[in-house]
Amino acid sequence: MELNLNEVAYQMLKKVEFYGLKSEVNYRCEDFEKTKERILSNKLSDKDYYEIIHIYSKILMENV
């Protein structure tokens, strides 16, 4: 089974939005809306996706 990093990052993004944690993303990395735009454009490297997924999962674990 192949892991679709864009889809995983998008699902994490939706969860961060759902739980109202945009300010945590803004605090820990770059602007949430800018990150969302980059994920939706599907123009990220695998390294960028792994970084986003790591940060978002950490934020969700600490706050949900």
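The structure is a predicted model. Its chain has a mean pLDDT of 88, and 97% of the residues reach 70 or more. The structure holds 5 salt bridges, and helices α1 and α3 pack with their axes 10 Å apart.

**Confidence**

- Among the elements of the chain, the highest mean pLDDT belongs to α1, at 92.
- The lowest mean pLDDT among the elements is that of α2, at 85.

**Packing of α1 and α3**

- Two packed helices are described by the angle between their axes and the distance between the axes.
- For α1 and α3, the angle is about 150 degrees and the axes are 10 Å apart.
- Angles over 145 degrees count as roughly antiparallel, so α1 is roughly antiparallel to α3.
- The crossing of these two helices, α1 and α3, is left-handed.
- On the α1 side, the contact is made by Asn6, Ala9, Tyr10, Leu13, Val16 and Glu17.
- On the α3 side, Phe32, Lys36, Ile39 and Leu40 make the contact.

- Side chains of opposite charge can pair when their charged atoms come close.
- Glu17 and Lys36 form a salt bridge through their side chains, with an N to O distance of 2.9 Å.
- This pair links distant parts of the chain, 19 residues apart: Glu17 belongs to helix α1 (residues 5-18) and Lys36 to helix α3 (residues 32-41).
- Glu17 has a relative accessible area of 27% and is partly exposed.
- Lys36 is also partly exposed, with a relative accessible area of 22%.
- Both Glu17 and Lys36 are also among the residues that make the contact between α1 and α3.

- A salt bridge joins the side chains of Glu33 and Lys22, at 3.8 Å from N to O.
- Glu33 lies in helix α3 and Lys22 in helix α2 (residues 22-28), so the pair ties together parts that are 11 residues apart in sequence.
- Glu33 is partly exposed, and its relative accessible area is 43%.
- Lys22 counts as partly exposed at 34% relative accessibility.

- The side chains of Glu24 and Arg28 meet in a salt bridge with an N to O distance of 3.3 Å.
- Both residues, Glu24 and Arg28, lie in helix α2; they are 4 residues apart, about one turn of the helix.
- Glu24 counts as partly exposed, at 23% relative accessibility.
- Arg28 counts as partly exposed as well, at 33% relative accessibility.
- Glu24 and Arg28 belong to one network with Glu62, joined by salt bridges that share partners.

- Asn42 is found in the loop between α3 and α4 (46-63).
- Leaving aside residues up to four places away in sequence, Asn42 touches Asn6 and Tyr49.
- One of these partners, Asn6, is also listed on the α1 side of the contact between α1 and α3.
- Asn42 and Glu7 are 35 residues apart along the chain, and their C-alpha atoms are separated by 9.5 Å.

Note on methods
Residues numbered from 1 in each chain as written. Predicted model: local features only at pLDDT ≥ 70, side-chain atom pairs only at ≥ 80, totals over all residues. Heavy atoms only, no water. Salt bridge = Lys/Arg side-chain N within 4 Å of Asp/Glu carboxyl O. Buried < 20%, exposed > 50% of the residue type's maximum accessible area, 1.4 Å probe, protein only. Contact = heavy atoms within 4.5 Å. pLDDT = per-residue confidence, 0-100. Axes fitted to C-alpha atoms, helices over the stretch in contact; angles between N-to-C directions. Parallel < 35°, antiparallel > 145°, perpendicular 65-115°, else oblique. Left-handed = near helix turned anticlockwise from the far one by under 90°.
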